[in-house]
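Subject: Structure handover

Hi,

Here is the structure I promised to pass on.

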Amino acid sequence: MGRRNKNRKNNTNPFAQRKRDRKNEAENGTKIDRRSEPYVEILRENEFFFKFYKSQKIVPEEEWEIFVKTLQSSLPTAFRVTGCRGESETLLDIIKSEYFTDYLKQAAEEGEKTVEKPFALPWYPGELAWQLQLSRKDIRRSEVFYKLHNFLIAETNAGGISRQETVSMIPPIVLDVKPHHRVLDMCAAPGSKTAQLIEALHADMEEKRELPTGFVIANDIDNSRCYMLVHQAKRLNSPCFLVTNEDSERFPDLQCTNKETGKVENMQFDRILCDVPCSGDATLRKNPDIWTKWNPAHGTNLNAVQFRITKRGAELLAVGGRLVYSTCSFNPVENEAVIVRLLKESEGALELIDASDLVPGLKFSPGLKKWQLSSKDMNFYGEFSEVPEKYHTVLRPQMFPPEDVDKYNLERCMRILPHHQDTGGFFVAVLAKTRPVPWQKNLQAKESSPAVAAAPQRKKRRLGGYKEEPFVFFQGDEDIFSSIKSFYSLRDDFIPTCLLTRCFTGKKKNIYFSSDSIRDIVLLSGDCVKIINTGVKVFVRCDNKNMSCAFRLAQEGLPSVNEFVGADRRLLLEKSDLVTLLHNIDPTKPPKIEELSDVTKERIASVTPGSCILEYREEKLQLTLVGWRGTTSLRAYIDQNETVHMLRLLRADVSKYEVNKFKKVEDQVESEEIQEELGNQENQEDAAGDDKVEPELVEKDEGEE
Ligand SMILES: C[S@@+](CC[C@H](N)C(=O)[O-])C[C@H]1O[C@@H](n2cnc3c(N)ncnc32)[C@H](O)[C@@H]1O
């Protein structure tokens with residue numbers, strides 16, 4: 001655990017202190033140089049925390065020691081191979097056969113002591129999620145793991161994997177999302193679970209070459225955190241996704257068209273995730289600063305907001321739908337207390353379900369039926385009648401276990417403890433709705449006809465930093481669309497009204513695509529909900545004289561339009577040619593057509609200059625990318641992250657992207673030594689009256705840089 005500062009009092013929070021120092025510095029206009037200050041390791045202890053949880057009995061007596069010991073250690077790294085890409089199987093093969101083997105071999109050679117084999121999480125479908133018995137810090141700080149580290153960063157950027165804490169993968173799995181589901185993620189940012197929900201929505205649809213009929217709406221109250229959601233989802237290229245910025249306690253009634261009746265009605269969701277704000281004390285392994293500031297009031301203070309968000313979720317849930325409540329807190333007042341109050345107030349409309357069959361092999365403790373509340377001064381109360389009056393506004397009657405607690409099946413909740421399988425902690429409850437909840441409002445939408453609602457929305461500026469550009473859907477008769485349709489020979493069943501831009505007037509730069517259901521929501525509800533983002537970029541303006549259409553294809557939207565593009569804008573490539581293209585993505589030096597294989601040259605002849613789709617197929621793997629067919633050259637039109645990802649899938653050489661930062665530092669030190677040596681020589685030679693520098697040494701130094 002490193003060096004401990006035994007003298008530092010536990011209640012002095014170094015992070016808060018640093019914040020105070022920075023504030024003072026900003027006010028005084030001074031900046032303290034802290035580089036020479038020793039690194040202070042956080043003391044991973046908190047007597048209040050220990051006393052509180054011992055008395056709650058969340059851990060059996062005999063497991064207490066191992067529970068605490070595990071909490072005090074660093075968290076292993078975990079990641080998922082993202083599921084909605086056809087390439088995941090190939091990537092998984094490569095990870096297992098190359099990266100894991102390589103790092104185990106190297107670690108053994110270099111005598112790294114504690115290297116254990118990575119293992120697939122037994123309860124995650126398709127062996128796609130892995131845990132490495134190494135913390136992020138271990139991977140970052142040791143040269144032995146630099147290839148693995150590079151791989152994790154590059155594939156995260158390309159969307160091939162998602163680095164996510166093991167336990168945080170559980171809620172989306174037990175939510176059990178299918179492609180036709182209308183999904184709401186109420187507290188979504190930064191969005192690792194949202195990404196999983198989107199992947200589940202698209203699962204299987206890639207093979208069927210269809211878009212899901214359902215969608216995911218990801219919401220967060222924090223405007224800036226909403227952009228984290230946009231960033232997360234961007235890698236998944238889903239047109240069935242919408243980001244909103246609302247207080248979930250009052251999430252507005254969205255409107256949608258009932259496909260069967262054609263009538264407009266209030267939206268009910270099939271799946272809702274309430275991953276509510278919480279004290280986060282189950283993330284102590286990842287966030288050790290919580291040790292320094294933990295007290296029971298953090299949990300108690302959050303109970304009301306957690307309840308109100310979930311209560312609104314229950315209202316928005318369709319009968320027959322499923323709601324998952326989760327926190328990364330151990331505290332019963334943030335968990336069982338919220339759930340049991342909701343069940344009680346729902347008068348049987350909601351029930352807890354046992355979802356353990358969806359996570360086979362996952363170890364967890366059943367929910368508690370008995371818990372206590374504690375005041376800030378650590379006095380414990382088993383029921384409200386024991387609470388002194390001065391605490392009556394803080395410790396509320398509904399936070400205690402009700403008398404009829406047994407009838408609510410709280411044992412069906414899952415509390416994952418860190419020592420169960422060397423992870424962080426988590427709490428998950430899965431609720432089913434059997435009939436409307438008693439507080440449910442009328443489901444009838446206000447009088448409105450689809451025709452009226454489908455008019456483009458005006459750009460709105462509201463309080464609270466809402467500055468988004470409008471979402472302007474095509475009417476279907478735009479000249480731009482006719483030229484795109486004819487250049488790309490788009491199939492007739494492509495729906496032009498699902499295309500949108502972000503401006504009413506002026507030259508359109510980017511054209512986006514959203515699914516039919518998302519379009520319906522934006523048009524009907526755009527005025528009552530703060531929409532932050534939707535749509536994937538499918539076409540980008542490029543006024544190139546060699547192309548008769550003003551728009552090129554965009555890689556991120558390719559999966560959405562690929563099916564519809566005609567054969568005359570497609571080019572099947574040989575593997576060697578694709579590798580050549582990927583090794584030469586510099587737009588100023590595109591590969592010459594004459595340098596490509598004869599078979600590719602022959603196929604190119606039937607594709608006129610301009611934007612096109614490049615395809616590659618082998619038994620398991622199919623790659624599709626945007627290309628540019630020039631008059632004498634051919635190039636791949638993708639960014640570096642995607643390039644490395646594809647090269648890796650093709651098992652081609654990616655060594656030029658493998659930067660060994662340790663080697664770089666060594667080289668730098670070596671180079672500094674050389675410079676120093678040169679300086680000495682110069683001094684000596686200066687002293688001797690000759691200012692010439694050894695050319696060989698200088699060249700070598702420059703080359704290495
Ligand atoms: C535990 S985090 C969610 C983590 C996220 N689900 C994930 O997997 O990345 C809780 C989030 O709830 C948001 N939040 C807090 N109060 C909210 C409210 N009343 N309505 C909507 N979001 C809220 C916070 O901004 C925060 O981003």
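Below is what turned up, from the whole protein down to single pairs of residues.

A word on the ground rules. This is a predicted model, so local features need pLDDT of at least 70 and side-chain atom pairs count only at pLDDT 80 or more, while totals for chains, interfaces and linings use all residues. Residues are numbered from 1 along each chain as its sequence is written, and side-chain values use heavy atoms, with hydrogens and water left out.

The overall picture
The protein has 23 helices and 27 strands; these are DSSP runs numbered from the N terminus, with helices being H or I of at least four residues and strands E of at least two. Of its 705 residues, 53% count as buried (buried is under 20% relative accessible area, exposed is over 50%, and partly exposed is in between, with a 1.4 Å probe and protein chains only). Take the contacts (heavy atoms within 4.5 Å) between residues at least 6 apart in sequence: 75% of them join residues at least 24 apart.

Helix α21 (residues 640–649) is largely enclosed by the rest of the structure, because eight of its ten residues are buried. The buried stretch includes Glu642, His645 and Arg648 as well as Val644, Met646 and Leu647. What do the buried residues of α21 pack against? Their partners are α4 (88–109), α6 (146–158), α19 (575–583) and β26 (622–629).

Helix α17 (residues 516–525) is mostly covered too, with nine of its ten residues buried. Among them are Arg519 and Asp520, along with Ile518, Ile521 and Val522.

Salt bridges
The whole structure holds 33 salt bridges, each a side-chain nitrogen of Lys or Arg within 4 Å of a carboxyl oxygen of Asp or Glu. Here are a few to click on:

- Arg308 and Glu249 meet at 2.6 Å, N to O. Arg308 lies in helix α12 (residues 297–316) and Glu249 in the loop between β7 (241–244) and β8 (255–257), so the pair ties together parts that are 59 residues apart in sequence. Arg308 is partly exposed at 40% relative accessible area, whereas Glu249 is buried at 17%.
- Lys293 and Asp289 meet at 3.2 Å, N to O. Lys293 is partly exposed, at 38%, and Asp289 is buried, at 17%.
- Asp543 pairs with Arg541, their closest N and O atoms being 3.3 Å apart. Asp543 is exposed at 54%, and Arg541 is partly exposed at 22%.
- Glu89, Asp93 and Lys620 are linked in a network of salt bridges.

A positive patch
Which residues form the positive surface patch? They are Arg136, Lys137, Arg140, Arg141 and Lys661. To join a patch, residues need over 30% relative accessible area and no salt bridge, and like charges are joined within 9 Å. Lys and Arg count as positive and Asp and Glu as negative, with His and the chain ends not counted; a charge is placed at NZ of Lys, CZ of Arg, CG of Asp or CD of Glu. Helix α5 (residues 136–141) gives the largest share of the patch, four residues. Lys137 lies in that helix, α5, and is partly exposed at 34% relative accessibility.

Cheers

Methods. Patch = residues over 30% accessible without salt bridge, like charges linked within 9 Å, V, L, I, M, F, W, Y side chains within 5 Å. Areas by Shrake-Rupley, 256 points an atom, 1.4 Å probe, with all protein chains shown as cover.
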